[in-house]
Amino acid sequence: MDKIWKDLYEAAKAVQNDREISDKVWAGGVAAAIESESGKIYVGVCIDTCSTLGICAERNAIFNMITNGEHIIKRVLAIMPDGKTGAPCGACRELMTQLTPGKYQNIEIMLDYENEKIVTLGELTPAWWI
């Protein structure tokens, strides 16, 4: 496995900290790390609320990347509450496609860290509307 995947895993694991912020907000059950086009790693955690105001870890990491002046994603890794990695949800995939229409197909996603299973966003979303 390429070292970058280990770096992404460690970066996400470092911020994953499932906790209650208030009786209506929870954070950190899922953590994500994104490698940008420049090679920098950005992280984020999920924030769950009692309404629909929450955000996924992947989108949180993407917004962190955008806040820091970048928008091209090379790789994505998300750690679920059970410690395993998994695919981004539809909303996260949608944001990634809208950031780079025509190029999103090459974004690499770690589906299964233990078994080193990597897919592209194009494989997960072969016929996206944009």
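Predicted model: local features only at pLDDT ≥ 70, side-chain atom pairs only at ≥ 80, totals over all residues.

Me: OK, start with H2. Which residues of helix H2 are buried?

Reply: Helix H2 covers residues 57-67, and its buried residues are Ala57, Glu58, Arg59, Ala61, Ile62 and Met65. Buried means under 20% relative accessible area, exposed means over 50%, and partly exposed is in between, with a 1.4 Å probe and protein chains only. Helices (H or I, at least four residues) and strands (E, at least two) are DSSP runs, numbered from the N terminus.

Me: And what do the buried residues of H2 pack against?

Reply: They pack against strand S2 (25-36), strand S3 (41-49), strand S4 (73-79) and helix H3 (90-99). Contact here means heavy atoms within 4.5 Å.

Me: How do the axes of H2 and H3 cross?

Reply: At roughly 30°, and the axes come within 9 Å. That makes H2 roughly parallel to H3, since angles under 35 degrees count as roughly parallel, over 145 as roughly antiparallel, 65 to 115 as roughly perpendicular and the rest as oblique. The axes are lines fitted to C-alpha atoms, for helices over the stretch in contact, and angles run from 0 to 180 degrees between N-to-C directions.

Me: Which residues make that contact?

Reply: From H2, Glu58, Arg59, Ile62, Phe63 and Ile66; from H3, Ala91, Cys92, Leu95, Met96 and Leu99. The buried residues of H3 pack against H2, S4 and helix H4 (121-124).

Me: Back to Ala57. What is Ala57 in contact with?

Reply: Leaving aside neighbours within four places in sequence, Ala57 is in contact with Val30, Ala31, Ala32, Gly44, Val45 and Cys46. At 1% relative accessibility, Ala57 counts as buried.

Me: Now the core. Which residues in the largest nonpolar core touch the most other members?

Reply: Of its 20 residues, those are Ile34, Ile62, Ile73, Val76, Met96 and Ile107. S2, S3, H2, S4 and H3 are the elements that give two or more residues to this core, and the largest share, 4 residues, comes from H2. There is also a second, separate core of 13 residues, which includes Ala31, Ala33, Val45 and Met110. A nonpolar core is a set of buried Ala, Val, Leu, Ile, Met, Phe, Trp, Tyr and Cys residues joined through side-chain atoms within 4.5 Å.

Me: What does Ile34 touch?

Reply: Not counting residues up to four places away in sequence, Ile34 touches several residues, including Leu8, Tyr42, Ala61, Ile62, Met65, Ile73 and Val76. Ile34 also stands opposite Val76 in S4.

Me: How many bridges join S2 to S4?

Reply: 6, and the two strands run antiparallel. Two strands pair if DSSP finds at least two bridges between them. S4 is also joined to S5, by 3 bridges and in parallel, and in S5 the bridge partner of Val76 is Ile109. Of the 7 residues of S4, 6 are buried, so S4 is largely enclosed by the rest of the structure.

Me: And what happens between S5 and S6?

Reply: S5 (residues 108-112) and S6 (residues 117-120) pair in the antiparallel sense over 4 bridges. Asp112 has Lys117 in S6 as its bridge partner. The hairpin has 4 residues between the strands, and there Glu116 takes a positive phi near 55°. Glu116 is partly exposed, with a relative accessible area of 45%.

Conventions:
Residues numbered from 1 in each chain as written. Heavy atoms only, no water.
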